[in-house]
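Colleague: I have this one open on my screen and would like to go through it with you. Can you start wherever you like?

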Amino acid sequence: MSDEPTVLYLRFRRIGGGLPDSADHEGLLALLGAFTPVVEAAPPGAALADVGGALRYFGQDVTGLASVIRVRALALHGVDCAIGAAANPMLARMAARQAAPGTTFVVPPGGAAGFLASKPVAALDGVGAATARTLCGYGLDSIGRTAAAPLATLQRITGVRAGRELWERANGIDRTRVVSDAAARSVAAERTFPRDELDPGRHRRALLSLTEELGARLRGDGQVCRSLAVSVRYADRSGYSTLTRSRTLQEPTAHSAALTALAYRIQDSFALQRARVRGIGLRAEGLHGAEGASHQLTFDPVDERARRIEAVSDRLRARFGPQAVKPGRLAA
């Protein structure tokens, strides 16, 4: 597997602040499509692009091509880009978090270990707050220490499959690829507060409204999703920053309660209890038809009752509109 930096992760921001709207986001994806056909949407404000086949064609290295894309995005859409470039999507996303607006951060060939070594283990995709605390209890508080740990040790701590994935990610290995048709395989929504919001209860309510909205949309379209990604835009010393993390569901679903539970766990993993939050986004990924999904049967009457209520609520919304039924926590 080549470690040449051919994958770009682009974080879009309007000049003056704020995410691009859906029309601008589509335009930005089309702009990237002029450079490479391998473009994956990451709404509401980002995209992945594999430019391995474009570098020679345009006669640019990855930094030069990223600069050309940034200039065109700024000129045509009034949108600036912070760009991460690396050999795989995971490293590109992490590099983009370190890139300031208007710059490109490149993880060079052979540089993954040095780039990752000093970062906290919680910075890895798939490592939530609970897993990070467990690893820290064993002295594995950084990605470098985790990468150096024997695979068998990580598997004893976190489980066989999770331990393998953790070891690979800590060593800079990401087996996913940029998927050019991913725009059709994800749906997203966001909530923006009129001002920086400090109240964690309001953050929770916004996330609940997002899971209810996406759950209803998925069920209405006869689809389920495999994973969720939560993005939180918050104020910091440099202005505004955005954190995004994704998790895989136990089983593909469009059940709002399952989506909400996972979204809350992702939100908790950010540890932003006192943050001044300006916006929250939610993306349902890995969509496919509900007819091909299986549901693990349980003897939990609460879950069964919730699913029956959900089905009735969907019928009422279809007849009287999307606001006809909502959870009591949102109606209060």
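Modeller: Let me begin with Glu168, which is buried, with a relative accessible area of 12%; buried means under 20% relative accessible area, exposed over 50% and partly exposed in between, with a 1.4 Å probe and protein chains only. Please keep in mind that this is a predicted model, in which local features need pLDDT of at least 70 and side-chain atom pairs count only at pLDDT 80 or more, while totals for chains, interfaces and linings use all residues. Residues are numbered from 1 along each chain as its sequence is written, and side-chain values use heavy atoms, with hydrogens and water left out.

Colleague: Fine. Where does Glu168 lie, and what is it in contact with?

Modeller: Glu168 lies in helix 9, residues 160–170, where helices (H or I, at least four residues) and strands (E, at least two) are DSSP runs numbered from the N terminus. Leaving aside neighbours within four places in sequence, Glu168 is in contact with Ile173 and Arg175, contact meaning heavy atoms within 4.5 Å.

Colleague: Which residues of helix 9 are buried, and what covers them?

Modeller: The buried residues of helix 9 are Gly163, Leu166, Glu168 and Ala170, and what covers them includes helix 5 (112–117), helix 6 (129–137), helix 7 (143–148) and helix 8 (151–158). Just after helix 9, Gly172 takes a positive phi of about 80°.

Colleague: Switching to Arg13: is it buried or exposed, and what about a salt bridge?

Modeller: Arg13 is buried yet has no salt bridge, and the nearest side chain of opposite charge, Glu190, is 8.4 Å away. A salt bridge here is a side-chain nitrogen of Lys or Arg within 4 Å of a carboxyl oxygen of Asp or Glu, and for charge, Lys and Arg count as positive and Asp and Glu as negative, with His and the chain ends not counted.

Colleague: Then what does the side chain of Arg13 make a polar contact with?

Modeller: With the side chain of Thr242, at 2.4 Å; a polar contact is a pair of N or O atoms within 3.5 Å, where within protein one must be able to donate a hydrogen and the other to accept it, and residues adjacent in sequence count only if both atoms are side-chain atoms.

Colleague: And which strand is Arg13 found in, and what is its bridge partner in strand 4?

Modeller: Arg13 is found in strand 1, residues 7–14, and its bridge partner in strand 4 is Asp80. Strand 1 and strand 4 (residues 79–86) run antiparallel and are joined by 8 bridges, two strands being paired if DSSP finds at least two bridges between them.

Colleague: What is the strand order in that open sheet of 5 strands?

Modeller: The order is 2-3-1-4-5, with mixed pairing. Strand 2 (39–42) and strand 5 (104–106) stand at the edges with a single partner strand each, so one side of each is left without a neighbour in the sheet.

Colleague: How is strand 3 placed, buried or exposed?

Modeller: In strand 3 (residues 46–50), 4 of the 5 residues are buried, so this strand is largely enclosed by the rest of the structure. Strand 3 runs antiparallel to strand 1, with 5 bridges joining them, and Tyr9 has Leu48 as its bridge partner in strand 3. Strand 2 and strand 3 also pair in the antiparallel sense, over 4 bridges.
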